[in-house]
Amino acid sequence: MEHQLPPLPYAKDALAPHMSAETFEYHYGKHHQAYVTNLNNLIKGTEYENKGLEDIIKTAPAGGIFNNAAQVWNHTFFWNCMKPGGGGAPSGALAEAINKKWGSYDEFKKAFQASAVGNFGSGWTWLVKKPDGSVDIVNTSNAATPLTTADKPLITVDVWEHAYYIDYRNARPKFVETFLEHLVNWSFAEANYAG
Amino acid sequence: MTKSWFCLSHNVARIALLAGLTAAGTAWAQFTQSPLPYAYTALEPQIDAMTMELHYTRHHKSAVDGLNAQIKNYPELANMTIEQVLCQVSKYNTAVRNNGGNHYNHEIFWKVMAPAGQGGKPSEVLAAAIDKAFGSMEEMRKLFSAAAAGRFGSGWAWLVVTPDKKLAITSTPNQDNPLMDLPEIAVKGTPILGLDVWEHAYYLSYQNRRGDYIKHWWDVVNWNEVNRRYEEAMRQ
Ligand SMILES: [Fe+2]
């Protein structure tokens, strides 16, 4: 099946000034699109040609097909992890799980920030739900994704340099702080936690 | 075996260096960035001035600071060259590996570049070695460019002299490099040419077009320095 670039859940300028339209022009319009195009080219004539995206991610060996498929999925998930006027704190069962793990939302933020800043090279930092219902923070490198593990992704931030270089240059700490303060979509995470 | 070859050759260099410094009455206790051998604007338009400034004063600088911060955990680092650290980096923590690699890689990177038209060309001896190893200069460039383009995520492409004195092309993830005594470094050797393909190296001018960055980068290669490094590696 032909994989498609899904529409953004908001306009390209909707997250400005925290994430600029120019960043979306490249990050969504070029990087995300390239992963979709590469994936479609790579799976032609292979056993993955008629598989769904998640199925490819869970079965493809390390290499181009996995990298492009996982990056398609990770980016689509990431766009949904943000919203105009985001930030604040989660509520309900997710808030309880976070408090149980870190003691408070502020302590969670510190831990998430430290994990994202320390994720060396290109990658992603995730809040995940473990099979026992508890939550944790996980770093992955390059295209790697919790989808191949028992963990359920709740929220992610992209820490490839292309995610923040236009708006923040080398200042990854400022980017992650802004993600938590102004962009993160906790209602999306709450729905993932409940689901 | 590979490890001892590298560490041995670097120790010889270190003893010579120490003797010189002792004679001069100088001791040093930390790693420093060499001055950039040209102005931030010097590599334009292939590499823009803002990229050079951020790359040198923030990315590279933070690695040097990070490496020096590890001297409190490993006091012996203060008396080692960066090459000595890397050829036995498996003894140290991830901060030494990442910051030490980062420092060494960028030191090479600045030196193997020069303003377009000022980098000379491969010496006869290097050109002959390239022809022997890869068939032609054109083929070497193709293979090196492919290694750089194919490095998924952050990393480096390298032309190295292997311990058996042959040329090889390889790439490493993040800030690893061919000097490191780590099992995952597939091709070990002394780098004579390196290309940074972290996105910070090209994003302001080339964004997602890494291939264009690689293509234009060849115009600013400082072959005079690559020739010098080749001859030095062959003598080691
Ligand atoms: Fe760099």
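Domain bounds in these legends come from an automatic or database domain assignment, and the structure shown throughout is a predicted model.

**View 1. The two domains of chain A and the contact between them.** Chain A is divided into domain 1, covering residues 21-80, and domain 2, covering residues 92-194. The centres of domain 1 of chain A and domain 2 of chain A, taken over C-alpha atoms, are separated by 21 Å. To the contact, domain 1 of chain A contributes 17 residues and domain 2 of chain A contributes 16 residues. On the side of domain 1 of chain A that touches domain 2 of chain A, the elements giving two or more residues are α1 (21-43), α2 (53-59) and α3 (64-80) of chain A, and the largest share, nine residues, comes from α3(A).

**View 2. The three-stranded sheet of chain A.** The strands of this open sheet of chain A follow the order β2-β1-β3, with antiparallel pairing. Strands β2 and β3 (152-158) of chain A stand at the edges, each with a single partner strand, so one side of each is left without a neighbour in the sheet. From one strand to the next, the twist averages 25 degrees. Strands β1(A) and β3(A) run antiparallel and are joined by six bridges, and in this pairing A:Trp126 stands opposite A:Thr156 in β3(A). Helix α8 (residues 186-194) of chain A packs on the sheet, where it touches β1 and β3 of chain A, and the direction of α8 makes about 150 degrees with that of β3(A).

**View 3. The hairpin of β1 and β2 in chain A.** Strand β1 (residues 123-129) of chain A and strand β2 (residues 135-141) of chain A run antiparallel and are joined by seven bridges. Within this pair of strands, A:Leu127 stands opposite A:Ile137 in β2(A). The hairpin of β1(A) and β2(A) has five residues between the strands, and in this hairpin A:Gly133 takes a positive phi near 90 degrees.

**View 4. The two domains of chain B and the contact between them.** Chain B is divided into domain 1, made up of 2-26 + 48-111, and domain 2, made up of 124-235. In the contact, 23 residues of domain 1 of chain B meet 20 residues of domain 2 of chain B. At least two residues of the side of domain 1 of chain B that touches domain 2 of chain B are supplied by each of α1 (2-24), α2 (49-68), α3 (82-87) and α4 (94-111) of chain B. The largest share of that side, eight residues, comes from α4(B). The residues of this side of domain 1 of chain B divide into nine nonpolar, ten polar and four charged.

**View 5. The packing of helices α5 and α6 in chain B.** Helix α5 (residues 124-134) of chain B and helix α6 (residues 137-149) of chain B pack with their axes 8 Å apart and at an angle of about 70 degrees. Angles of 65 to 115 degrees count as roughly perpendicular, and α5(B) and α6(B) are therefore roughly perpendicular to each other. The crossing in which α5(B) passes α6(B) is left-handed. The contact is made by B:Ala127, B:Ile130 and B:Phe134 of α5(B), together with B:Met137, B:Glu139, B:Met140 and B:Leu143 of α6(B). The residues of this contact of α5(B) with α6(B) divide into six nonpolar, no polar and one charged.

**View 6. The three-stranded sheet of chain B.** An open sheet of three strands in chain B has the order β2-β1-β3, with antiparallel pairing. Strands β2 (167-173) and β3 (190-196) of chain B stand at the edges, each with a single partner strand, so one side of each is left without a neighbour in the sheet. The twist in this sheet averages 25 degrees from one strand to the next. Six bridges connect strand β1 (residues 155-161) of chain B with β3(B), and the two run antiparallel, with B:Val160 standing opposite B:Pro191 in β3(B).

**View 7. The contact between chain B and chain A.** This contact takes 15 residues from chain B and 16 residues from chain A. On the side of chain B that touches chain A, α2(B) gives the most, with three residues, and the residues of that side divide into five nonpolar, eight polar and two charged.

Terms used. Residues are numbered from 1 along each chain as its sequence is written. Chains are lettered from A and ligands numbered from 1 in the order in which they are written. This is a predicted model: local features need pLDDT of at least 70, side-chain atom pairs count only at pLDDT 80 or more; totals for chains, interfaces and linings use all residues. Two residues are in contact if their C-beta atoms, placed from the backbone, lie within 7 Å. Helices (H or I, at least four residues) and strands (E, at least two) are DSSP runs, numbered from the N terminus. Ala, Val, Leu, Ile, Met, Phe, Trp, Tyr, Cys and Pro count as nonpolar, Asp, Glu, Lys and Arg as charged, and the others, Gly among them, as polar. Axes are lines fitted to C-alpha atoms, for helices over the stretch in contact, and angles run from 0 to 180 degrees between N-to-C directions. Angles under 35 degrees count as roughly parallel, over 145 as roughly antiparallel, 65 to 115 as roughly perpendicular and the rest as oblique. A crossing is left-handed if the near helix is turned anticlockwise from the far one by less than a right angle, and right-handed if clockwise. Two strands pair if DSSP finds at least two bridges between them.
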